[in-house]
Amino acid sequence: MIVTEHLRKCYGDFVAVDDLNLQIEPGEVVGLLGPNGAGKSTTMKMLSGFLTPTSGTASIFGKDVVHDSLAARRMLGYLPEGAPAWGEMTPEQFLHFIADIRGLQGSQRKKALDEVVEQLHLDRVWHQPIDTLSKGFKRRVGLAQAILHKPKALLLDEPTDGLDPNQKHEVRELIQQIAADRIILISTHILEEVEALCTRAVIIARGKILADDTPEGLEQRSRYHLAVTLRLESPERYREKLAALPMVAEVEVHANGLTAFPSGKETPFPHIKALVDEENWPVQSLQLERGRLDEVFRTITMGERN
Amino acid sequence: MQAMKAVMRRELLSYFATPVAYVFIVIFLMLSATFTFYLGGFYERGQADLQPFFLFHPWLYLFLIPAISMRLWAEERKSGTLELLLTLPISLKDAIIGKFLAAWLFAGLALALTFPIWITVNYLGDPDNGVILAAYLGSFLMAGAYLAIGSSLSALTRNQVIAFILSVVACFIMMVTGLDMVLDFFRGWLPQGLVDAVASLSFLTHFQSISRGVVELRDVLYFLLVIGLGLYANQLIIEAKKAD
């Protein structure tokens, strides 16, 4: 369990993290979402024991990150932003060093090393200096370092930032593989990541928590939630008829379609479907929207500013 | 302890993974030989001792030791591995000592590789090997003191060039307080007791007394104290400047 209470970090006059209260249980994959400079990395750095909080407390499975720092760090795996590693070392030397520091010995050590090599497909680059590896492989080496000792809690600071779509997909699959019974806290500003990975999303901006919900819960806050989008040619012609339907509050026209927003808590989908069938509209697709996270994210983080 | 050893091993491995270590050792050996034979007049003196060899060590170290110490923390800061290292389950103190010991061992290795000059002087004459051993010990201790100062200054910045220059200046100050030239300046207006105090702060004063073959506890303690204080300052600097 990760618990933070009134966690706060200031750099001079600047408040990077302000009164942060969080509680994360094993099995949860939590996305820490926020625009750049929101305090995501600072939060991660305090939880990992790198930075000392200005005030407030944080603990990892009951071990305080300041007063019992070493014990807390033993239970953590941490991937700092950009996955730093000593470039002149090979993944083999690097991971052996991590195993040394983590006190892994004997058969347990061998098993742990074999497992991460297999999970992250490191065998091909095992004897190559890390400096010469591609970005994707460097990230994998960083992840291997973080999960080598099978930590009960894993902190990943922007694990997929700067990777290509295939590499992103790979890293996400890996995170899902190792998620069972662990705490995983991922900081990111990539929303698709939250949809793909997280069981819970915490949105922060300027150091404060603005929303703490499941991804579905967040989607429901979107004005697109339960809206219906039609794709068809010359959408302007259909606008009036659509707007006249019951349960439709508003219709928005875009380049190749229309979106009808619900007036209440129910979707106008059945009515629209009936209308389309009845009048035989040349619809290419008819889609019930779940809600758009990017729009919710913008509303929440920008709304606070105004 | 285990973690400190791991850090030390990793650090040593890094020295030899790049050409830096070899370049350093070759330059150190070449310069120390040049100084001994040309500036020190090793042959011309006609004496079977290594005074001309050890005489130049403080000056040699002035530029070469900061070249080792400059990267100790500046590089970790620059590449982001500082955050990785300090979030592993190792105390800051152990990390600092581990890195320092690796650098010290490396300097010791370079020093040990000057052994041909010791063989030479034994071949040519009949030197007092006890004095030579004491001088080696003094030189090694002095290298440690230079390194500890360099290590703490390296923690101040992410720029290795700045770390290098700061260390050279700091070590230079620690050295020249023992030169007669500087002491004469104080002699004019300070009581003798204070002049001695200034002189006793210098690497030179302590190194010279050890290299004459007199291993006194206070000289050894002096160097160990400088190392201790340097590494303590190192810790304070890193703690204060982690976030930068």
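Strand β1 of chain A, residues 2–11, is joined to β2(A) by seven bridges, and the two strands run antiparallel. One residue pair to pick out here is Ile2(A), whose bridge partner in β2(A) is Ile24(A). Please keep in mind that this is a predicted model.

- β1 and β2 belong to an open sheet of four strands in chain A, which follow the order β2-β1-β4-β5 with antiparallel pairing.
- The edges of this sheet are taken by β2 (14–24) and β5 (63–64) of chain A; each has a single partner strand, so one side of each is left without a neighbour in the sheet.
- As background, strands of a sheet pair through backbone hydrogen bonds, in either a parallel or an antiparallel way.

**Domains of chain A**
- Chain A is divided into domain 1, covering 2–216, and domain 2, covering 228–289.
- Between the C-alpha centres of domain 1 and domain 2 of chain A, the distance is 44 Å.

**Where chain B meets chain A**
- In the contact between the chains, 21 residues of chain B touch 22 residues of chain A.
- On the side of chain B that touches chain A, α1 (2–17) and α7 (81–87) of chain B each supply at least two residues.
- α1(B) gives the largest share of that side, with seven residues.
- Sorted by class, the side of chain B that touches chain A holds ten nonpolar, eight polar and three charged residues.

Technical notes. Residues are numbered from 1 along each chain as its sequence is written. Chains are lettered from A and ligands numbered from 1 in the order in which they are written. This is a predicted model: local features need pLDDT of at least 70, side-chain atom pairs count only at pLDDT 80 or more; totals for chains, interfaces and linings use all residues. Two residues are in contact if their C-beta atoms, placed from the backbone, lie within 7 Å. Ala, Val, Leu, Ile, Met, Phe, Trp, Tyr, Cys and Pro count as nonpolar, Asp, Glu, Lys and Arg as charged, and the others, Gly among them, as polar. Domain bounds come from an automatic or database domain assignment. Two strands pair if DSSP finds at least two bridges between them.
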